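Dear colleague,

Please find the structure below. My notes on what was found in it follow.

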Amino acid sequence: MSPGLEALDYHLAGKYPAGDFPAVLVGVVGSGNLEVLLEPATGSTECSVHVETSARGFGAIWSAVVEDFHRRHQLAGIRVSINDMGATPAVVSLRLDQAVAEIKR
Amino acid sequence: MNISYSECSARERIALLLDEGSFHEWLPPSERVTSPHLAQLGVPSAFDDGVAIGRATLAGRPVFVAAQEGEFMGGGVGEVHGAKLVGLFRRALRERPDAVLLLAESGGVRLHEANAGLIAVSEVMRALLDLRAAGIPTIVLIGGANGCFGGMGIVARCADRIVMSDIGRLAMSGPEVIEASNGVDEFDSRDRALVWRTTGGKHRWLSGDCDLLVADELAAFRAAAIASLDAAAPVTLAGLEDEHQLLSERLHLLDAPVDGDEAIALWTRLGVPAPQRVPELDPGELTRP
């Protein structure tokens with residue numbers, strides 16, 4: 001990992017299997033924005049989240065936002081990958097919900 | 001409802017411009033073919049390196065398509081981004097779709113990737129010219145907020161056909177580059193009216209650098225793309241000589257001193273009706289000589 005980017009990983013025990021679905025991508029890696037990629041992780045009971053961000057030192061806030069997201073959806077067997085360029089917590093939450101809504105469509 | 005082309009992301013443009021659900025992506029985000037350079041510089045990568053490529057149908061006909069995402073690094077062409085475009089064009093040479101569409105939105109070479117980006121853009125040009133030589137129509141659509149500049153501006157002008165909206169911009173050096181190198185007296189990059197008078201879709205259409213001028217609507221771009229499907233324009237010596245003639249004549253149109261705005265003077269001398277009113281007219285209201 002480069003000195004400039006910070007990588008964060010979260011592994012949360014899920015409740016509702018996401019099942020199989022085509023990968024979903026929402027958002028764009030632009031200033032104050034992020035992209036969220038959702039993929040099935042069949043066989044896993046976890047919701048795993050991998051974040052790469054250019055804004056270092058916000059681990060505590062990421063942790064809170066990710067736990068919040070997980071409390072809302074409690075998905076299992078899902079892999080969340082994020083490329084972030086300094087999005088605010090509210091934008092991150094909205095993108096995560098948007099991505100889940102895309103799976104359900 | 002009219003959907004603004006400029007406000008859509010690259011992926012939204014693909015979804016709405018082509019036949020519904022027909023897009024099949026190659027190297028999708030889940031493949032994670034990302035830039036080998038950006039992370040070293042502390043810049044986040046994008047899972048698709050800022051460009052989506054694949055095949056689809058347009059009005060039922062098979063086409064290949066690439067769409068650049070202007071919000072990611074200004075649509076800059078890095079090593080992987082360029083390689084995806086080249087790969088798409090070379091595959092088109094083999095499989096011969098009815099056309100290749102490039103939804104361009106780019107500031108040109110992604111400077112972070114230096115020579116790798118420069119080489120990538122030159123390879124894109126060569127691959128696109130190979131398509132033209134093979135008689136496969138290449139259609140470039142320009143209507144994103146970031147315009148089409150630098151090396152991608154050259155790529156666009158290598159294509160058979162260019163479709164632009166009045167919001168779209170096409171040029172080599174961008175406004176800020178000109179100002180930085182030649183001074184604000186030469187070009188004030190913050191003068192938006194000046195920027196659009198000299199690089200915008202209306203100017204490009206009036207001066208013959210773009211083939212179709214449309215409103216900033218997805219449906220209008222779709223209709224223009226369909227109308228361009230059979231627009232292969234083979235590169236011939238006679239065609240090149242005509243182009244040189246046109247450029248030379250245009251250059252000399254400004255030999256006589258200009259009193260006032262140079263763009264309006266050029267339109268006047270090109271014979272554009274009511275040149276003063278061009279900036280305020282809708283694309284459909286314009287006529288070119």
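Which residues are buried in helix α8 (residues 218–227) of chain B? They are B:Leu218, B:Ala220, B:Phe221, B:Arg222, B:Ala224 and B:Ala225; buried means that 20 or more other C-beta atoms, placed from the backbone, lie within 10 Å of the residue's own. Helices (H or I, at least four residues) and strands (E, at least two) are DSSP runs, numbered from the N terminus.

This is a predicted model, in which local features need pLDDT of at least 70 and side-chain atom pairs count only at pLDDT 80 or more, while totals for chains, interfaces and linings use all residues. Residues are numbered from 1 along each chain as its sequence is written, and chains are lettered from A and ligands numbered from 1 in the order in which they are written.

Among the elements covering the buried residues of α8(B) are α1 (10–17), β2 (51–58) and β4 (99–104) of chain B. In α1(B), the buried residues are B:Ala10, B:Arg13, B:Ile14 and B:Leu17. Viewed down the axis of α1(B), they fall within an arc of 100° and so line one face of the helix; the arc is that of the directions from the helix axis to the C-beta atoms. These buried residues pack against β2, β3 (61–68), β4 and α8 of chain B, contact being C-beta atoms, placed from the backbone, within 7 Å.

In chain A, five strands form an open sheet of mixed pairing, ordered β1-β5-β7-β4-β3; strands pair if DSSP finds at least two bridges between them. Its edge strands are β1 (6–13) and β3 (24–27) of chain A.

Yours sincerely

Note on methods. Buried ≥ 20, exposed ≤ 12 C-beta atoms within 10 Å, placed from the backbone. Contact = placed C-beta atoms within 7 Å.
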